[in-house]
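Hi everyone, thanks for coming.

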Amino acid sequence: MRVFVTGASGFIGSAVVAELVEAGHQVVGLARSDQAAEAVAAAGAEVQRGSLQDLDALRRGAAAADGVIHTAYIHDFSRMALAAQTDLRAIETLGDALEGSGRPLVVTTGTALVNPGNVATEDDVIDPATATHPRAATEPLVKALASRGVRSSIVRPGASVHGEGDHGFVPFLISLARTKGVSAYIGDGANRWPAVHRFDAAHLYRLALEDGAAGSVFHAIGDEGVPTRDIAEIIGRHLSLPVASILSEQVGEHFDWMAAFWALDAPASSTLTQARLGWAPTHVGLVADLEQGHYFHTAELAVS
Ligand SMILES: NC(=O)c1ccc[n+]([C@@H]2O[C@H](COP(=O)([O-])OP(=O)(O)OC[C@H]3O[C@@H](n4cnc5c(N)ncnc54)[C@H](OP(=O)(O)O)[C@@H]3O)[C@@H](O)[C@H]2O)c1
């Protein structure tokens with residue numbers, strides 16, 4: 001297939017490009033800068049210059065493709081509503097371009113707010129009327145595209161997609177621990193984070209593209225839920241720093257924008273995904289990945 005991939009230069013998207021190329025697909029990657037274009041070309045993909053705000057570029061990319069995988073996202077936690085709005089408009093545009101074609105559109109969301117405190121499943125629905133997260137409107141839009149002749153599906157990665165080159169939440173926690181001189185968790189640290197290795201996630205995107213039924217939801221989950229205290233303890237041990245609980249009144253000051261994410265108790269399962277797509281995670285889990293040590297050489301690259 002000729003596959004248009006947004007976010008092709010990103011942590012997950014670049015693994016998706018590699019997975020698709022390896023499987024013999026022809027890939028066209030969206031790139032908004034020379035640096036991204038170079039990375040996408042080096043991965044063996046054709047480059048389409050453009051951004052999430054450049055709706056013409058998205059329309060052209062989707063119209064010329066046999067399928068689309070959307071992993072681009074503006075990770076600016078000071079402008080979460082704007083990022084979600086931009087995402088929504090981009091998905092609408094990609095969906096319009098594919099309308100009536102039966103071609104696949106695989107869109108990324110997340111498991112974080114699906115069913116907090118319980119093990120979230122693929123069949124759990126985020127209700128945009130009650131959900132507080134700005135991305136809550138994404139899934140209803142993607143599911144509605146299924147009734148407009150798009151083989152649309154949703155991949156929800158766990159809170160930590162991990163592996164070499166990670167520059168997301170865990171590297172931020174490592175960087176924060178270095179700055180504060182303590183590796184911290186909230187309360188008793190029993191709240192759980194689901195996780196998946198980026199190569200397992202990439203494989204799932206390919207299966208969703210190739211075989212996902214219209215309107216499906218898939219969970220990219222390897223670890224159902226790792227207690228945040230366990231993560232904090234590994235970080236403390238590798239950095240030779242004390243590990244401590246942060247009291248609720250100091251959580252905002254200590255963790256800044258990360259506080260809401262680090263407080264999440266959001267275990268999630270991939271049982272239905274494994275049954276529906278024959279997918280199974282085969283790479284190391286988050287704890288084993290952290291123990292390998294590479295996170296502690298690259299943590300300065302953490303998101304800000
Ligand atoms: N990583 C995780 O732990 C995790 C967990 C749950 C869900 N997710 C979701 O998975 C998806 C991929 O995440 P990721 O970790 O791969 O993110 P990432 O490494 O930050 O990559 C984001 C990608 O989006 C591109 N992008 C950002 N703003 C853009 C814009 N205005 N126009 C065009 N492209 C733009 C980036 O391009 P540049 O290279 O030019 O910056 C990059 O290719 C996102 O939806 C994310 O929220 C990730």
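Let's start with a helix. Find α8, residues 228-239. Helix α8 lies across the strands β9 and β11, and it runs at about 65 degrees to β11. Before we go on, please keep in mind that this is a predicted model.

Now, what sheet do those strands belong to? β9 and β11 sit in an open sheet of three strands, with the order β7-β9-β11 and mixed pairing. The edges are β7 and β11, which covers residues 223-227, and each of them pairs on one side only. If you compare neighbouring strands here, they are turned by 40 degrees against each other on average, ignoring direction.

Let's zoom in on one pair. Strand β9, residues 192-197, runs antiparallel to β11, and three bridges join them. To find your place, look for Ala195, which stands opposite Asp223 in β11. Another helix, α7, packs on this sheet too: α7 touches β7 and β9, and its direction makes about 70 degrees with that of β9.

Next, please turn to the other sheet. How many strands does this open sheet have, and in what order? There are seven, arranged β3-β2-β1-β4-β5-β6-β10, with parallel pairing. At the edges you'll find β3, residues 46-49, and β10, residues 216-220, each pairing on one side only. Going from one strand to the next, the twist averages 20 degrees.

β1, residues 2-6, and β4, residues 67-70, pair in the parallel sense over four bridges. Within this pair, Val3 stands opposite Gly67 in β4.

Which helices pack on this sheet? One is α5, residues 138-146, which touches β5 (104-108), β6 (151-157) and β10. The direction of α5 makes about 150 degrees with that of β6. Another is α7, residues 198-211, touching β1, β4, β5, β6 and β10, with its direction at about 165 degrees to that of β6.

Finally, let's visit the ligand. Which residues come closest? Of the 24 residues that surround the ligand, the closest are Ser9, Ile12, Arg32, Arg135 and His167. The shell divides into 10 nonpolar, 12 polar and two charged residues. Helix α1 (11-22) and strand β7 (160-162) each supply at least two residues of that shell.

An N or O atom in the side chain of Arg32 is 2.7 Å from an oxygen atom of the ligand. For Gln53, a side-chain N or O atom is 3.0 Å from a nitrogen atom of the ligand. Tyr73 takes part through its backbone, with a polar atom there 3.2 Å from a ligand oxygen.

Conventions: Residues numbered from 1 in each chain as written. Predicted model: local features only at pLDDT ≥ 70, side-chain atom pairs only at ≥ 80, totals over all residues. Heavy atoms only, no water. Near = heavy atom within 4 Å. Polar contact = N/O pair within 3.5 Å; in protein donor to acceptor, adjacent residues only side chain to side chain. Nonpolar A, V, L, I, M, F, W, Y, C, P; charged D, E, K, R; others polar. Pairing = 2+ DSSP bridges. Axes fitted to C-alpha atoms, helices over the stretch in contact; angles between N-to-C directions. Contact = heavy atoms within 4.5 Å.
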